[in-house]
Structures are given as structure tokens and as C-alpha cells.
Amino acid sequence: MSQVRVLVGTKKGAFILSSDGKREKWDVSGPHFAGWEIYHMKGSPADPNRLYVSQSTGWHGQVIQRSNDGGQTWEAVDNKFVYDGVAGTHQWYDGTPHPWEFKRVWHLEPSLADPDTVLAGVEDAAMFRSTDGGKSWQEMAGLRGHGTGPRWQPGAGGLCLHTILLDPSDPQRIFIAISAAGAFRTDDGGATWKAINRGLRSEYIPDPNAEVGHCVHHMAMHPSRPDVLFMQKHWDVMRSDDAGDNWTEVSGNLPTDFGFVIDVHAHEPETIYVVPIKSDMEHYPLDGKLRVFRSRSGGNEWEALTNGLPQENCFVNVLRDAMSMDSLDSCGVYFGTTGGQVYASADAGDSWKPIVRDLPAVLSVEVQTLA
Amino acid sequence: MIRVVLPGHLRTLASVKGDVELDIEGPATQRSVLDALEARYPVLQGTLRDHVTKERRAFIRFFACSEDLSHEPPDALLPEAVANGTEPFLVVGAIAGGCY
């Protein structure tokens, strides 16, 4: 029978939630790496028991952990992330030059084919790759060096590379997103990159239609249609049908189009999910009601999903990497909150239950569907 | 023999219990102690000082004999009581209580 494993990164450790395919009873393992911030943990599609974890604190910096047995045992691997060559400068919040400084790994994206190959999106924004299971890391310097890097500026959370999408039909094509620089694409395995922000409009920068400077919060793609991308920007939910070359807004009837997460149904490429947040100054749901919004038309027309979610006095946030899907039939949807709840829906969002409710603030949620 | 006391997070990371005892060849300095510590426990590389510059991480302090040695030059001799193992070399996480 199928199993589901939910990998939860929190402010104070990692947790692994496991269930059978019914998704009714959950076993909770953790905290792993107690007391450390776990920005992200993700399993290899090629070997689901190979897990990678980004573990950090302000005191001791970055540690990368690896498991070969689905999280039963761990091994610390290399934590040396050194920018290639002369690091140079990006812009600070006030527009002055600021040296690139490594702070932490926000996102780990294992290769679709090789368990030993994994990409790391880091702050200050850059991409690193390991081809030896995390034992060494090399910067993919073409991204920072592609020309706009010196103009990148941090968002409130830092200058972080937080989203990495791999095109399953073309191993040379990778999409990434940076707050607050925007979205970028490589078509040659990372040697060269281009900004893909045409159509984004951000009123908080001097030129609202600038090539870079947009605070992209997250992006999502369905593996069957890698040219179709969905984006939750700081404000605005966006869609591209040409691999990011052009974007159009699909916020439609959302009550607010600020938010962090966006994800796609495992079997329906036009069914997407967001969690609207009140505003950039008030990072909690509108009216104290925690509502997931689902569009079955790839955007513009949205329905509120509330069954089982708190509809009063709820003032949590759902951070950018804290939503994920399983691939069972019907599709399971999962998200974690800064209040420490992990909610799950075994019916594509029609109804929800907390599968655990008192964890530290949830930073990331990744789901593995195991045969 | 020099005794090093690590903060809890790093004891867990390095899988050590209690003090770490190190034999140092040559003068006992911050640099020689940290070099020996990282050689014994490579997982600690980068958690106390920068991988490349070897500068102390901002939230790490070094205490010994009731003195704050954090701003001493890395090649300055440690107190004799530390060098002969009478007193421990303390690695301390800076106070950050109440953050979250």
C-alpha cells in the first residue's frame, strides 16, 4: 500500500510525519536537529530514502544533513558555500553596494535522476550544486554573473534564492526565483541565465516594469507542462504559458493577492492553490479566516476552501515553501503555518484536518508519495 | 592537554559528551586550539569561524579564567591555566534570549 511522508522544517527542528495511503492516522517523528532552524528538507525523486536537510542557526551558521534511510539516521556533509571568484557586490536596502555574504541555504532541490546531485538556493542569492551527495559544493556562477546581479536587492527576508524548478523534459532547463530580484531561467544547465520578468509589475520599485527588482515569493510548475509556470509575487498571482518569457496576472476574484505559497494539483495541471494573506504589512489571513483558494482554470476564477480550517481569530502565516502535494488519487494537499499546525486535505482541498498542531513555526513542507 | 567546553548545539552536532580534551603541539592559542578542534571534529568547520577568513562568527564568544578572550588576536597565547588544562577554554553562544 502507498505511504505518504511529510517533511516539515520548523524554526526549532525537523519533523517527519508518516501515514499510509488513507492519510487518516499520522506518526510524528522529531524533533530532528532540535533547536536549529530547518529552512528546508527534501527527498530525492530518484531515491526517496535519500533526504537532504538545510540546518542553520545565527550562532553556528549552516549545516547540511543527509539521510540514506528516510530520516532514521543522518550524516552531516559539507557546509562550505564559497562564492566563485571575487564575490563583488549587490545592492543593499538603501541602494548602496553591499558585498555578497553567504548566510544560509533556503532551498535544496535534488536532481530528478541522480540522488547524489542536488542544487542549493542560498542567501545572499546564488545557486550551488553538489554532484557527490553534498560532500562538496560549487557555485553555478553564471547566475550571479549574468549581468543584473549587482542590481539585485534583498527583500525583508533577505536576498534569498528560494525557488528551484527542474524541467523534467529538459535537464538543461532550470527556473529559479529570488527575493527581491525576480525569476530567472537557464536553458544550458546553468552556464547562462536570463531574467524572465516581462509582465510583472511592482509598484514598490522606481520602474514598476523593470527587468529585475520584483519580489517573487514562490513559483510552481506541473511536470507534464513545464512551459506553464505559476507565481505568487509579493502582490499579484501570475501565470506564464511560455516558460516565463511573458507573464499575465491571474489574481481574478481573490480577496487579496498578497501571499507566499502557490502550488499545482498533482494530476490536474490547471488546478492551482494559494493562501491569500492580508497585506505586506499584516502577514496573516484576511478577517482572521484561514482560507486556501483553489482555481480549476489556471487562475482568475478562485473558490475559497474552508472546511476544517479555522474561520475566526486565526492570524498565522503560511510561508513560501510550506505547501506541497502528494500524488495519490485523490490528490493530497498539505501546508504548514507559523502557528505550528500542519493541515492536510486528502480530497484535493475540499476538507482539511490538522495532522499535527503544536509544532514550532513551520518554515517548509515537502511531501513524498512512497510506493 | 587543553579542555574545551562547547555549547549544547555543537556537542550534539559533534556527538560529544562533556568537555573535549585536546593535545596541542606548540603554543596554545585560539588558532591552535580551534585548528585542533576542527581537525578532530570536521563537522565543526564553519560553525565557530568562517571557512575562508577564519574569523570568529559574530555570535560566538571565547571565555577562559573569567575573562572574555573573544577579541584577543588568534595567535595570542592563552592563559597558562588553560594551556595546562587547569581551566577550560569556553566556547559560548552570545546571549540572544527572547528572540523566539
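1. **Contact between the chains.** Two residues count as in contact when their C-beta atoms, placed from the backbone, lie within 7 Å. By that test, 14 residues of chain A are in contact with 13 residues of chain B. The side of chain A that touches chain B draws most on strand β6 (residues 61–67), which supplies three residues. By class, that side of chain A has seven polar, five nonpolar and two charged residues. The model is a predicted one.

2. **Strand β6 of chain A.** Of the seven residues of β6(A), six are buried, so the strand is largely enclosed by the rest of the structure. β6(A) pairs with strand β5 (residues 51–57) of chain A through seven bridges, and the two run antiparallel. S56(A) has Q62(A) as its bridge partner in β6(A). Three residues lie between β5(A) and β6(A), which form a hairpin. β6(A) is also joined to strand β7 (residues 75–77) of chain A, by three bridges and again antiparallel. There, R66(A) has E75(A) as its bridge partner in β7(A).

3. **Overall build of chain A.** The secondary structure of chain A comes to 30 strands and zero helices. Its radius of gyration is 19 Å, close to the 21 Å that the globule rule gives for 371 residues, so chain A is as compact as a globular protein of that length. The C-alpha trace spans about 50 × 45 × 40 Å along its principal axes. Of the 371 residues in chain A, 54% are buried. Among contacts in chain A with a separation of 6 or more, 50% join residues 24 or more positions apart.

4. **The nonpolar core.** The largest nonpolar core has 129 residues. V8(A), M219(A) and V342(A) have the most contacts inside it. What does M219(A) touch, not counting residues up to four places away in sequence? The list is T163(A), L165(A), F175(A), A177(A), A183(A), L229(A), F230(A) and M231(A).

5. **A four-stranded sheet in chain A.** Strands β18, β19, β20 and β21 of chain A form an open sheet in that order, with antiparallel pairing. The edge strands are β18 (216–221) and β21 (248–249), each pairing on one side only. Within the sheet, β19 (residues 229–233) and β20 (residues 237–240) of chain A run antiparallel and are joined by four bridges. L229(A), one of the residues that M219(A) touches, has S240(A) as its bridge partner in β20(A).

6. **Helix α2 of chain B.** Which residues of helix α2 (residues 30–40) of chain B are buried? They are Q30(B), V33(B), L34(B) and L37(B). Seen down the axis of α2(B), these buried residues fall within an arc of 95°, so they line one face of the helix.

7. **A loop residue, Q311(A).** Q311(A) sits in the loop between β25 (303–305) and β26 (323–325) of chain A. Q311(A) touches K289(A) and T306(A), not counting residues up to four places away in sequence. Q311(A) and D287(A) are 24 residues apart in sequence, and their C-alpha atoms are 8.5 Å apart in space.

Note on methods
Residues numbered from 1 in each chain as written. Chains lettered and ligands numbered in written order. Predicted model: local features only at pLDDT ≥ 70, side-chain atom pairs only at ≥ 80, totals over all residues. Nonpolar A, V, L, I, M, F, W, Y, C, P; charged D, E, K, R; others polar. Core = buried A, V, L, I, M, F, W, Y, C linked by C-beta atoms within 7 Å. Buried ≥ 20, exposed ≤ 12 C-beta atoms within 10 Å, placed from the backbone. Rg over C-alpha atoms; globule rule 2.2 N^0.38 Å. Arc of directions from axis to C-beta. Pairing = 2+ DSSP bridges.
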